[in-house]
Amino acid sequence: MSAVNIEKVSFRYPGRDDWVLRDFSLNIPEHKVLAVIGKSGCGKSTLIRLISGLLTPIKGQINIAPSQRVGVVFQDPRLLPWKTVFENVALPIRNQSKTEQKKIVREVLDLVGLSHTETYYPLELSGGMAQRAALARALVQSPDILLMDEPFGALDAITRSQIQIDFESIQQHKKMTVLLITHEVNEAVRLADRVTVLANAQVLETLDIALDHPRAVTNMQVVQYAAKVLNLLTHS
């Protein structure tokens, strides 16, 4: 069953003749992680903005059940510098009671490994901690669908690897539907149940990753799947 169904969507930015996406169709399976990968400029981030409603398709339809809550995590954490970690994470649920906010925020901060940072301000956080805070802010709404636009791309290799492990555990626990935009082949294969390669404004190919979670990047089957994806990218 699909959580998000994209049917023949076309989009280009005002004043430009070239299509970012053209007659683009994609199904995002419910409770699974779909990674979308492709060369720079292939429309990955535009796809996130269309699904989240920040952009409107020129043609086609994007269907999401009205009951589905959608969260978004961008590459830039986008934390408000004048608010504490607690206050930043609580923003999506600010209309709830203070008691309920404390309960929910502390649960998600613990989930992402930031329970000790409630009173910190963004400038006091490392890059990895800031990205965890952004993830917590998205999770605080208990989203059914989580859209992630290269969320770990700006992190160093060690920090990125640890957050990938933690995210994999969170997704397996919560069973969210996840769209992960990434430029990193190993990340796509490690985290996703399905990898879609974009090229020339359309889907080039989709691979099902038939491996159990959790996965290690050194696992030979992960390496083999990564080689397949890389081959598609280099010949697109």
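I take contact to mean heavy atoms within 4.5 Å. I am working from a predicted model, in which local features need pLDDT of at least 70, side-chain atom pairs count only at pLDDT 80 or more, and totals for chains, interfaces and linings use all residues. Residues are numbered from 1 along each chain as its sequence is written, and side-chain values use heavy atoms, with hydrogens and water left out.

**Entry 1: Ser10.** I located Ser10 in strand β1 (residues 2–11); strands are DSSP runs of E, at least two residues, and helices are runs of H or I, at least four, both numbered from the N terminus. Leaving aside residues up to four places away in sequence, I found that Ser10 touches Trp19, Leu21, Arg22, Asp23, Pro57, Ile58 and Lys59. Ser10 has a relative accessible area of 2% and is therefore buried (under 20%, with a 1.4 Å probe and protein chains only). Its side chain reaches the backbone nitrogen of Asp23 at 2.9 Å.

**Entry 2: Thr117.** I found Thr117 in the loop between α3 (98–111) and α4 (127–139). Thr117 is buried too, at a relative accessible area of 0%. Its contacts, not counting residues up to four places away in sequence, are Val85, Leu125 and Met129.

**Entry 3: the sheet.** I traced six strands in an open sheet of mixed pairing, ordered β5-β6-β7-β3-β8-β9; two strands pair if DSSP finds at least two bridges between them. β5 (70–73) and β9 (202–208) each have a single partner strand, so one side of each lacks a neighbour in the sheet. β5 runs parallel to β6 (residues 145–149), joined by four bridges. Val72 has Leu147 as its bridge partner in β6.

Notes
Buried means under 20% relative accessible area, exposed over 50%, partly exposed in between (1.4 Å probe, protein chains only). A polar contact is a pair of N or O atoms within 3.5 Å; within protein, one must be able to donate a hydrogen and the other to accept it, and residues adjacent in sequence count only if both atoms are side-chain atoms.
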